[in-house]
2 protein chains.
Amino acid sequence: MDNCFGDSMKNIGDIIRVAEQHCESRGTRLTKKRKHVLTALIESAKALSAYDLIDVCREKYGEDIPAMSVYRILEFLESENLVHKLSTASKYASCENIIGDKARCYSQFLICKSCSKVKEVGLKPTMIAELQATVKDASFKLVNPQLEMNCLCDDCA
Amino acid sequence: MDNCFGDSMKNIGDIIRVAEQHCESRGTRLTKKRKHVLTALIESAKALSAYDLIDVCREKYGEDIPAMSVYRILEFLESENLVHKLSTASKYASCENIIGDKARCYSQFLICKSCSKVKEVGLKPTMIAELQATVKDASFKLVNPQLEMNCLCDDCA
DNA sequence: TGCCTCAATGTTACATTATAACATCAAAAG
DNA sequence: CTTTTGATGTTATAATGTAACATTGAGGCA
Ligand SMILES: [Zn+2]
Ligand SMILES: [Zn+2]
Ligand SMILES: [Zn+2]
Ligand SMILES: [Zn+2]
């Protein structure tokens with residue numbers, strides 16, 4: 001490994017600050033609860049369900065957020081491109097490009113079906129073009145080009 | 001349009017017969033209920049939920065299949081590569097390659113998020129190779145290469 | 001034929017994921 | 001301060017999916 005921190009090298013404070021600025025510049029607010037949900041996702045290497053997040057927020061912040069609110073918060077964070085919904089897993093993961101703002105790029109997600117570990121990887125333009133062409137040939141319009149790949153991580157394989 | 005039948009050109013009897021032979025050759029059985037569920041999916045241009053299928057089977061075959069059984073039947077049909085589960089939509093679609101047995105190929109599914117119309121398109125080998133490479137670089141193993149694309153069909157766009 | 005066995009299906013109960021509808025609270029603006 | 005609007009709470013319920021155990025039914029064999 002290159003350093004002694006591994007993935008936890010990422011400075012959460014920095015990411016949150018960027019997320020706050022991002023929201024501010026868009027006229028929205030990263031409230032305390034939204035920040036907690038986002039932080040929980042950033043700190044997790046694994047995708048979490050809405051109900052997982054309820055547990056994490058209770059355990060880590062002593063904060064009881066009802067399911068309905070968690071879903072609304074996730075919807076907000078997704079609309080701000082800070083979080084991605086992984087439909088194949090019914091779980092949520094923080095965007096890995098909050099700093100750098102590549103969030104609008106087309107990503108593929110490698111999701112371990114055993115432990116939910118997730119990795120977000122940008123799609124190459126050539127791939128995007130090919131996917132777009134396929135969709136067009138079939139008379140469909142691509143709405144959300146997010147790809148989710150059903151995988152096993154090396155720990156689980 | 002090339003002919004007056006459109007997609008309904010596909011001869012369902014032929015497909016079912018191939019599916020039966022396929023099962024027989026694998027030592028499994030395409031029972032009456034399994035056949036009904038499979039037929040319902042083949043006849044539908046749209047992906048259907050398990051509960052949709054309960055309704056279709058009741059309406060078309062006067063047959064009341066409990067939810068648990070429908071899920072088991074879908075699991076069986078998927079294990080035989082006759083049906084695909086579209087996880088992003090929580091719906092199911094018949095394989096479009098039952099005749100020809102390309103079922104083991106890697107497919108991408110274009111799914112209309114408005115009406116659930118679905119099209120199965122084979123992935124080009126170059127695409128598969130690229131996806132595989134990405135997965136490998138990230139230390140994941142690809143389990144199921146199925147791609148699901150969130151689209152709008154031309155009718156709904 | 002009658003029994004045996006195992007696959008298929010039924011039944012009941014429940015878990016998980018998600019949304020609708022309406023009430024309340026709180027921050028920013030005037 | 002009040003108004004306004006966005007954010008959150010509350011309650012109920014819908015939609016999707018699974019666990020556990022019971023029953024049925026189709027083939028194989030005495
Ligand atoms: Zn992202
Ligand atoms: Zn794993
Ligand atoms: Zn197929
Ligand atoms: Zn459509």
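Helices here are DSSP runs of at least four residues, numbered from the N terminus. A residue is near a strand if one of its heavy atoms lies within 4 Å of it. The model is predicted.

**Exercise 1. Describe the protein surface near DNA strand D.**

Solution. 

Step 1. Start with the residues. DNA strand D is surrounded by 18 residues, and the closest are A:Thr31, A:Lys33, A:Ser69, A:Arg72 and B:Lys85.

Step 2. Assign the helices. Three of them each supply at least two residues: H2 (32-43) and H4 (67-79) of chain A, and H4 (67-79) of chain B. H4(A) gives the most, with four residues.

Step 3. The surface holds seven nonpolar, four polar and seven charged residues.

- A:Arg34 places a polar side-chain atom 3.1 Å from a phosphate oxygen.
- B:Lys85 has a side-chain N or O atom 2.9 Å from one.
- For B:Tyr92, the distance from a side-chain N or O atom is 3.4 Å.

**Exercise 2. Which residues coordinate the zinc ion (ligand 3), and by which atoms?**

Solution. 

Step 1. List the donors. They are B:His84 through NE2, B:Cys95 through SG and B:Glu120 through OE, at 2.0 to 2.2 Å.

Step 2. Read the spacing. Along the chain the donors follow H-x10-C-x24-E.

Step 3. B:Cys95 sits in the loop between strands S2 (91-94) and S3 (107-112) of chain B, while B:Glu120 belongs to strand S4 (residues 118-122). The pair is 25 residues apart and links distant parts of the chain.

Step 4. Check burial. B:Cys95 has a relative accessible area of 5%, so it is buried. B:Glu120 is at 7%, so it also counts as buried.

**Exercise 3. Where do the buried residues of H1(A) lie around the helix axis?**

Solution. 

Step 1. Check the geometry. Helix H1 (residues 12-25) of chain A has 14 residues. From first C-alpha to last it reaches 20 Å, close to the 20 Å expected at 1.5 Å a residue.

Step 2. Pick out the buried residues: A:Ile15, A:Ile16, A:Ala19 and A:Cys23.

Step 3. Look down the axis. The buried residues of H1(A) fall within an arc of 95°, so they line one face of the helix.

Step 4. Recall the general rule. An α-helix has 3.6 residues a turn, so residues three or four places apart point the same way.

Step 5. Turn to the other side of H1(A). There A:Gln21, A:Glu24 and A:Ser25 are exposed.

Definitions and conventions. Residues numbered from 1 in each chain as written. Chains lettered and ligands numbered in written order. Predicted model: local features only at pLDDT ≥ 70, side-chain atom pairs only at ≥ 80, totals over all residues. Heavy atoms only, no water. Polar contact = N/O pair within 3.5 Å; in protein donor to acceptor, adjacent residues only side chain to side chain. Nonpolar A, V, L, I, M, F, W, Y, C, P; charged D, E, K, R; others polar. Donors = N, O, S within 2.8 Å, 3.2 Å for Na, K, Ca; no water. Buried < 20%, exposed > 50% of the residue type's maximum accessible area, 1.4 Å probe, protein only. Expected span 1.5 Å × (residues − 1). Arc of directions from axis to C-beta.
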